Amino acid sequence: MITEAPSADELRQHMADQMVRAGCIRSEPWRAAFLSVPRELFVPDFTVRSQGSLHRYSQGDPAWLAAAYQDVSLLTQFDQDGTATSSSTQPSLMAQMLEALDVRDGDTVLEIGAGTGYNAALLSHRLGPDHVVTVDVDPELVAAAAARLRSAGYEPALVAGDGMAGYPERAPYDRLLATCGVGRIPTPGGSNSGPAASSWPTSAAASCAWCSGPTTPPAASSSTAWPPS
């Protein structure tokens, strides 16, 4: 008996359902974003670290599509010493960080760290690409992310530059989100920040996530309409 491999749509549905059940996705707009944005488009080649070994996948490999929808970080760039320098973050952590942003319609977000562009696509789906600015120090990453975002139908502003400096040309921002590794939690200020400029670490991954907004993470919704049955 031959079992047909699940489609990308089915894999996205399964991933989103898992994150809803785990409480990582707590609102319909972010569920819709994860259901709509094709993660595989942003990771044509990647490496997964599992049980002390590295496993490489490329588009066209039989296991590539299913591997792209695992709830793990996908390593996408390495330096000459073999150290990973860019990745697509574990989706459940991404969902928690995005929910913790507590965005509202019309908010503009400054994202530090372009990575593959997948997170910028999720933000663009939720807020509209005109409300998303992504800065990354690596111009090659920015160019690749921009191309993948365009192919997915999103064109947020992508800027090659030092994320610590922000991007004052599009300020002020309602929310700030760092999806890169940083040595300390920076304090947003000056022309980059809107009225809600206090910052707080958003989860155990405090060294790579911060945003402006409430001083404590928002509680899970008590609405009986969520999660969907």
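## Strand β8 and its partner β5

In this predicted model, the bridge partner of isoleucine 112 in β8 is alanine 178. Strands β5 and β8 run parallel and are joined by four bridges. Strands here are DSSP runs of E with at least two residues, helices are runs of H or I with at least four residues, and both are numbered from the N terminus. Two strands count as paired if DSSP finds at least two bridges between them.

Arg175 and Leu177 point one way from β8, while Leu176 and Ala178 point the other way. All four residues are buried, a term for relative accessible area under 20%, with exposed meaning over 50% and partly exposed the range in between (1.4 Å probe, protein chains only). In a regular strand the side chains alternate between the two faces of the sheet.

## The open sheet

Four strands form an open sheet in the order β7-β6-β5-β8, with parallel pairing. Strands β7 (157-160) and β8 (175-178) are at the edges, each pairing on one side only. From one strand to the next the twist averages 20°.

Strand β5 (residues 109-112) runs parallel to β6 (residues 132-136), and four bridges join them. Glutamate 111 stands opposite threonine 134 in β6. Helix α4 (residues 91-101) packs on the sheet, where it touches β5 and β8, and its direction makes about 160° with that of β8. Helix α6 (residues 139-152) also packs on the sheet, touching β6 and β7, at about 165° to the direction of β7. Contact means heavy atoms within 4.5 Å; axes are lines fitted to C-alpha atoms, for helices over the stretch in contact, and angles run from 0 to 180 degrees between N-to-C directions.

Asparagine 119 lies in helix α5 (residues 118-127). Asparagine 119 counts as buried because its relative accessibility is 9%. Apart from neighbours within four places in sequence, asparagine 119 is in contact with Met94, Leu98, Glu111, Leu177 and Thr179.

The axes of α2 (residues 28-36) and α5 come within 9 Å and cross at roughly 130°. Helix α2 is therefore oblique to α5, since angles under 35 degrees count as roughly parallel, over 145 as roughly antiparallel, 65 to 115 as roughly perpendicular and the rest as oblique.

## Basis of the model

Residues are numbered from 1 along each chain as its sequence is written, and side-chain values use heavy atoms, leaving out hydrogens and water. In this predicted model, local features need pLDDT of at least 70 and side-chain atom pairs count only at pLDDT 80 or more, whereas totals for chains, interfaces and linings use all residues.
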